[in-house]
Amino acid sequence: YLGLHRPLQALEGALEDPEALAEAKHFICNYLHSVRQQRGGAGLELADGVDTLVVHLLCDLEDVAMLEAFCARPNAADLGSLEGRLLSLGRCHALALMLEAQGRPAAAVELWHQLGT
């Protein structure tokens, strides 16, 4: 199958129109998010990759409300690859929510404490 198709490429290279690119990211994010909610993680292959991609897409789309809602639910996103990006975007609250949702409440409280000082 893979030999019959071109290699995968980034959306940015496939769609030149910024509006079409944002719309494509929005649809992909909504689909993955809805599948994640329906299944609740049960039987979801590569949940860490799916959840990490959802967070990256939400960051790209600058959808803070949906990002924080996603991070507050149990998820398998890879904190190691997301922490720097969330901090650089000023999404410390989303990071703290994700820490708490992934069973690290002390780290979440510490981050919230730092935000308050």
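**View 1. The exposed face of helix H2.** Turned away from the buried side of H2, this face carries the exposed residues Glu-19, Phe-27, Tyr-31 and Gln-38. Exposed here means over 50% relative accessible area, buried means under 20%, and partly exposed is what falls in between, with a 1.4 Å probe and protein chains only. Helices (H or I, at least four residues) and strands (E, at least two) are DSSP runs, numbered from the N terminus. Please keep in mind that this is a predicted model: local features need pLDDT of at least 70, side-chain atom pairs count only at pLDDT 80 or more, and totals for chains, interfaces and linings use all residues. Residues are numbered from 1 along each chain as its sequence is written, and side-chain values use heavy atoms, with hydrogens and water left out.

**View 2. The buried face of helix H2.** Have a look at Leu-21, Ala-24, Lys-25, Cys-29, Leu-32, His-33, Val-35 and Arg-36, the buried residues in H2. Seen down the helix axis, the buried residues of H2 fall within an arc of 160°, so they line one face of the helix. That arc is taken from the directions from the helix axis to the C-beta atoms. The cover over the buried residues of H2 includes helix H1 (11–14), helix H3 (47–61) and helix H4 (64–72).

**View 3. Helix H2 from end to end.** H2 takes in residues 18–39, and at 1.5 Å a residue its 22 residues should span 32 Å. The end C-alpha atoms of H2 are 32 Å apart, which agrees. The expected span of a helix is 1.5 Å times one less than its number of residues.

**View 4. His-33 and its contacts.** His-33 lies in helix H2 and, at 9% relative accessibility, counts as buried. Setting aside neighbours within four places in sequence, His-33 is in contact with Val-54, Met-66, Phe-70 and Arg-73. Contact means heavy atoms within 4.5 Å.

**View 5. Glu-62 in the loop between H3 and H4.** This residue is found in the loop that lies between H3 and H4. Most residues other than glycine have a negative phi. Glu-62 is not a glycine, yet it has a positive phi of about 55°. With 63% relative accessibility, Glu-62 counts as exposed.

**View 6. Helices H3 and H5 side by side.** Two packed helices are described by the angle between their axes and the distance between the axes. For H3 and helix H5 (residues 79–88), the axes come within 10 Å and cross at roughly 10°. That makes H3 roughly parallel to H5, and the crossing is left-handed. Thr-52, Val-55, His-56, Cys-59 and Asp-60 in H3 meet Ser-81, Leu-82, Arg-85 and Leu-86 in H5. Axes are lines fitted to C-alpha atoms, for helices over the stretch in contact, and angles run from 0 to 180 degrees between N-to-C directions. Angles under 35 degrees count as roughly parallel, over 145 as roughly antiparallel, 65 to 115 as roughly perpendicular, and the rest as oblique. A left-handed crossing has the near helix turned anticlockwise from the far one by less than a right angle, and a right-handed one has it turned clockwise.

**View 7. The two sides of helix H5.** Leu-79, Leu-82 and Leu-86 are the buried residues of H5. They cover an arc of only 70° around the axis, which puts them on the same side of H5. On the other side of H5, you will find Gly-80 and Ser-88 exposed. The buried residues of H5 are covered by elements including H3, H4 and H6. Just after H5 comes Gly-90, with a positive phi of about 75°.

**View 8. Ala-94 in helix H6.** Ala-94 is found in H6 and, at 0% relative accessibility, counts as buried. Apart from neighbours within four places in sequence, Ala-94 is in contact with Leu-67, Glu-68 and Cys-71. Ala-94 and Ala-72 are 22 residues apart in sequence and, C-alpha to C-alpha, 7.5 Å apart in space.

**View 9. Helices H6 and H7.** The axes of helix H6 (residues 92–101) and helix H7 (residues 105–116) come within 7 Å and cross at roughly 160°. H6 and H7 are therefore roughly antiparallel to each other, and H6 passes H7 in a left-handed crossing. Here Cys-92, His-93, Leu-95, Ala-96, Leu-97, Leu-99 and Glu-100 in H6 meet Pro-105, Ala-107, Ala-108, Leu-111, Trp-112 and Leu-115 in H7.
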